[in-house]
Amino acid sequence: MKTLLIMRHAKSSWGNGDLADFERPLNSEGIKTAQFMGNLIYKTGLQPTLIISSPAKRAKQTAVLIKASAEINNQIEYVEKIYEASPTTLLNMAFGFRDKHESIILIGHNPGIESFIGFLTGEKQAMSAGSIAKINLEIEMWSEIDENCGQFELMLRPEDALESLILEHSLAF
């Protein structure tokens with residue numbers, strides 16, 4: 001069985017209208033969210049052995065922050081095709097993932113990643129900025145990935161995780 005974590009990049013800045021979409025960076029909330037989600041990956045033991053990210057600036061920044069805060073040792077691979085990818089493009093890319101990796105996190109953009117989750121699981125899931133979906137794939141090799149081969153297991157949304165954390169701390173007092 002393989003595990004695919006699919007993450008939507010954290011919140012980006014719209015402050016500079018002169019920047020091309022590809023060049024938009026994370027805003028300050030996005031930076032904090034990416035670090036928070038990386039810590040959550042670490043604390044829940046979800047660390048993948050590989051990070052594959054879109055090379056768009058906001059996705060790259062998200063990947064770097066996830067790598068550091070989740071304490072993932074492997075290098076990040078940047079794949080141009082992830083930017084503005086359709087589910088078919090993401091599927092074709094996943095066929096080529098190296099089988100030595102049992103768990104991979106794919107950091108990309110909407111609407112492609114939401115559609116890819118639906119393709120793999122048959123379930124529709126909304127991905128707010130910084131969200132991570134965990135999908136268990138009923139495959140032995142990445143080349144076997146196909147429609148409905150996955151079981152949606154978990155959605156980590158920053159807003160839900162923060163709300164739980166606040167509630168947890170308020171109950172402790």
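I start with the term cavity: on a 1 Å grid over the protein atoms alone, it is a set of points where a 1.4 Å probe fits but cannot get out, and lining residues have an atom within 4 Å of a point. Grid points are joined across faces, edges and corners, and a volume is the space filled by probe spheres set on the points. The structure holds one cavity of 30 Å³ or more.

Before the details, some ground rules. This is a predicted model, in which local features need pLDDT of at least 70 and side-chain atom pairs count only at pLDDT 80 or more, while totals for chains, interfaces and linings use all residues. Residues are numbered from 1 along each chain as its sequence is written, and side-chain values use heavy atoms, with hydrogens and water left out.

Back to the cavity. The largest cavity has about 30 Å³ of space. Which residues line the largest cavity? They are Ile-82, Glu-84, Ala-85, Leu-90, His-109, Gly-112 and Ile-113. By class, that lining has four nonpolar, two polar and one charged residues; Ala, Val, Leu, Ile, Met, Phe, Trp, Tyr, Cys and Pro count as nonpolar, Asp, Glu, Lys and Arg as charged, and the others, Gly among them, as polar.

Next, strand β4, residues 103–108. Helices (H or I, at least four residues) and strands (E, at least two) are DSSP runs, numbered from the N terminus. Buried means under 20% relative accessible area, exposed over 50%, and partly exposed in between, with a 1.4 Å probe and protein chains only. Six of the six residues of β4 are buried, so the strand is largely enclosed by the rest of the structure. In a regular strand the side chains alternate between the two faces of the sheet. Here Ser-103, Ile-105 and Ile-107 point one way, and Ile-104, Leu-106 and Gly-108 the other way.

Two strands pair if DSSP finds at least two bridges between them. β4 runs parallel to β1, with six bridges joining them, and Ile-6 has Leu-106 as its bridge partner in β4. β2 (residues 50–53) also pairs with β4 in the parallel sense, over four bridges; there, Ser-53 stands opposite Ile-107.

Now the serines. Ser-54 is in the loop between β2 and α2. Is Ser-54 buried or exposed? Ser-54 is buried, at a relative accessible area of 0%. Contact means heavy atoms within 4.5 Å. Leaving aside neighbours within four places in sequence, the contacts of Ser-54 include Tyr-78, Ile-82, Ile-107 and His-109. Ile-82 and His-109 are also among the residues lining the largest cavity. The side chain of Ser-54 reaches the backbone nitrogen of Ala-56 at 3.1 Å.

Ser-12 lies in the loop between β1 (2–8) and α1 (28–43). Ser-12 is buried, with a relative accessible area of 11%. A polar contact of 2.3 Å joins its side chain to that of Arg-24. Such a contact is a pair of N or O atoms within 3.5 Å; within protein, one must be able to donate a hydrogen and the other to accept it, and residues adjacent in sequence count only if both atoms are side-chain atoms.

Last, Ser-69 in helix α2 (residues 57–69). Ser-69 counts as buried at 13% relative accessibility. A polar atom of the Ser-69 side chain lies 2.7 Å from the backbone oxygen of Leu-65.

Terms used
1 Å grid on protein atoms, 1.4 Å probe; cavity = no way out; pocket = protein on both sides within 12 Å on 5 of 7 lines; lining within 4 Å.
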